Amino acid sequence: MVAGVQIHTKVDISNPQSDILTDGALTFLAALHRTFESTRHSLLVARDDAQRRFDSGVPLDFPPETAHIRAEPSWHCAPPAPGLEDRRVEITGPPDRKMVINALNSGAKTFMADFEDSNAPTFANVINGQVNLRDAIRRQIDFESGGKQYKLSEKPAALIVRPRGWHLDETRITIDNTPISASLFDFALYFYHNAKELIKRGSGPYFYLPKMEHYLEARLWNDVFLFSQSYIGIAHNTIRATVLIETLPAAFQMEEILFELRNHSAGLNCGRWDYIFSAIKKRRADKSAVLPDRKDVTMTVPFMDSYVRLLIQTCHRRKVAAMGGMSAQIPIKDDLQANEVAMEKVRADKFREVTAGHDGTWIAHPLINQIARKVFDENMLGPNQYHIRREDVKVAAADLLNSSVPGKITEDGIRSNVSVALAYCGAWIGGNGCIPINYLMEDAATAEIARVQLWQWVKYGARIDTGEQITTQYVDRIIAEQALGIKKIAPGVKESHLKIAKKYLTAQIRQQWPSEFLTSDLMPYLTMADGVEDKWYRSSL
């Protein structure tokens with residue numbers, strides 16, 4: 001055992017998990033923690049300070065201290081790394097063994113293996129995910145299940161890994177009596193075990209970085225990359241990272257985020273669902289920022305369209321990929337007409353992205369690859385669209401804050417939000433981080449929109465289209481009614497977990513301010529289930 005490192009949950013040393021939590025890997029984790037934890041902590045404190053400024057009425061704006069970076073035309077990001085030259089379709093999903101094989105075989109150009117929003121981080125899910133990725137890289141992942149063989153194809157997709165965000169702790173591992181950053185935990189185990197093997201096979205260690213709110217958080221990642229490459233003895237600038245622009249503050253700092261990561265950058269991505277969640281949360285004290293039903297907050301409404309156009313312009317100015325976002329639709333197998341309507345929404349969404357100048361897009365289901373691929377193949381003839389500079393784009397701070405969104409708040413919208421929040425939270429506590437609900441793939445980001453919209457509507461006494469005011473009592477009634485049908489739309493949710501989800505949602509709509517993240521709120525349930533003493537985690541329940 002490595003000095004100062006404690007594992008607070010049982011790991012069977014006869015299991016492949018023991019090959020992940022080796023002394024070498026834990027020593028590397030300890031080095032990262034001792035070098036960077038104080039900086040991470042200070043950046044999280046800075047987030048709280050920024051939120052207090054927003055609440056007091058200080059508007060978000062482009063940082064004046066970095067105007068020179070935005071104005072300087074000469075700097076560019078690193079060229080695409082091997083396997084990232086053409087990213088026209090990327091598939092995403094948790095690092096479940098079957099999912100990993102199906103995604104790598106899907107025909108998409110890359111697969112983002114997700115330890116974050118689509119993965120409920122039980123210790124088994126987290127460690128088994130690392131085992132699965134290690135085995136996939138070495139082409140040792142084949143297995144049989146239910147009489148069906150799962151085997152990697154000859155030319156699988158390039159692999160990209162998304163670790164959890166800076167705000168999350170990995171509570172099952174402490175170093176010097178402090179939980180380690182979940183970001184560093186996910187990154188370090190994957191990097192330590194696989195970076196050299198990936199390079200040997202003609203690829204490299206590639207990452208998606210979530211939930212950042214400031215360019216100094218990107219600087220921290222860059223410092224982690226430099227340290228890590230030196231630690232294992234590979235060349236600097238081998239790592240590539242794509243940053244998800246999925247928080248409102250980050251939209252004002254896209255240039256700066258690229259600049260901080262420029263020698264490791266693989267571009268930016270429009271993380272649309274988390275971005276909507278962040279827009280509501282960051283403007284929680286602004287009554288004028290109340291949004292209508294989630295279905296009305298589309299990519300063409302003013303604040304979303306401005307964010308997309310600015311991201312494409314910024315990336316192409318710096319010669320790096322501008323990735324589109326996720327269509328949540330999944331195939332409807334038992335209704336051909338409804339399926340065609342859903343798939344037409346996917347086509348329209350992907351057409352909007354490719355004609356706007358995006359270099360690729362996200363999908364959540366292997367069967368949608370063909371649709372997305374056809375749209376991009378017909379409209380993007382080369383490997384990317386860096387040549388589309390979008391010099392016509394002029395986006396001001398007011399455009400990113402334009403909360404004028406056509407639409408209504410309806411009882412159907414409220415019921416939909418309640419059902420998604422209850423079903424997802426219940427599933428997450430049970431160890432499942434992404435679930436299909438009404439033929440949409442829901443993950444933490446979409447559940448977060450549901451949660452904070454309910455809070456926002458109650459907080460500001462919004463009215464539905466019939467004129468009825470949305471109160472805690474009104475939402476309580478709908479929670480009770482929708483809870484009765486959750487087992488129909490999410491059969492895997494246990495009654496005990498649904499009870500916790502109901503209690504959580506009922507409490508959330510009564511808060512002065514919404515919690516930062518439901519995953520942080522509910523993590524104690526996973527930690528307790530892993531047998532960890534409560535002194536090692538913080539509960540806001």
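In this tour, a residue counts as buried under 20% relative accessible area, exposed over 50%, and partly exposed in between, using a 1.4 Å probe and protein chains only. The structure is a predicted model, where local features need pLDDT of at least 70 and side-chain atom pairs count only at pLDDT 80 or more, while totals for chains, interfaces and linings use all residues. Residues are numbered from 1 along each chain as its sequence is written, and side-chain values use heavy atoms, with hydrogens and water left out.

**Stop 1: Met112**

Select Met112, which lies in strand 3 (residues 110-114). Helices (H or I, at least four residues) and strands (E, at least two) are DSSP runs, numbered from the N terminus. Is Met112 buried or exposed? With 1% relative accessibility, Met112 is buried.

Now show what surrounds Met112. Not counting residues up to four places away in sequence, Met112 touches Ile91, Thr92, Gly93, Ile160, Arg162, Tyr208 and Trp362; contact here means heavy atoms within 4.5 Å.

**Stop 2: Helix 12**

Next, pick helix 12, residues 369-379, and colour its buried residues: Asn369, Ile371, Ala372, Val375 and Phe376. What covers them? Among the elements that do so are strand 2 (89-93), helix 11 (336-356) and strand 13 (360-363).

**Stop 3: Helix 9**

Select residues 272-282 to bring up helix 9. How many of the residues of helix 9 are buried? The count is 11 of the 11 residues, so helix 9 is largely enclosed by the rest of the structure. Including Trp273, Tyr275 and Phe277, the buried residues of helix 9 also take in Arg272, Asp274, Lys281 and Lys282.

**Stop 4: Asn194 and its polar partner**

Move to Asn194 in helix 5 (residues 182-200). Asn194 is buried, at 1% relative accessibility. Draw a line from its side chain to the side chain of Arg138, and you will find a polar contact of 2.8 Å. A polar contact is a pair of N or O atoms within 3.5 Å; within protein, one must be able to donate a hydrogen and the other to accept it, and residues adjacent in sequence count only if both atoms are side-chain atoms. Leaving aside neighbours within four places in sequence, Asn194 is in contact with Arg134, Ile137 and Arg138.

**Stop 5: Two residues with positive phi**

Most residues other than glycine have a negative phi. Select Arg139, in the loop between helix 4 (123-137) and strand 4 (143-145). Arg139 is not a glycine, yet its phi is positive, near 60°. Arg139 is partly exposed, with a relative accessible area of 34%.

Then jump to Asn438, in the loop between strand 14 (435-437) and strand 15 (440-442). Asn438 also has a positive phi, about 55°, without being a glycine. At 60% relative accessibility, Asn438 is exposed.

**Stop 6: Helix 14 against helix 16**

Show helix 14 (residues 411-429) together with helix 16: they pack at an angle of about 60°, with their axes 9 Å apart. Helix 14 is therefore oblique to helix 16. Axes are lines fitted to C-alpha atoms, for helices over the stretch in contact, and angles run from 0 to 180 degrees between N-to-C directions. Angles under 35 degrees count as roughly parallel, over 145 as roughly antiparallel, 65 to 115 as roughly perpendicular and the rest as oblique.

To see the meeting side chains, select Glu411, Ile414, Arg415, Val418, Ser419 and Leu422 in helix 14, which meet residues of helix 16 including Tyr474, Arg477, Ile478 and Glu481.

**Stop 7: Helix 14 against helix 18**

The residues in contact include Ala421, Cys425 and Ile429 of helix 14, and Leu498, Ala501 and Tyr504 of helix 18.

**Last stop: Thr472**

Finish at Thr472, in helix 16 (residues 472-483). Thr472 is buried, with a relative accessible area of 18%. Its side chain and that of Gln473 are joined by a polar contact of 3.2 Å. Beyond its neighbours within four places in sequence, Thr472 is in contact with Val458, Ile509 and Arg510.
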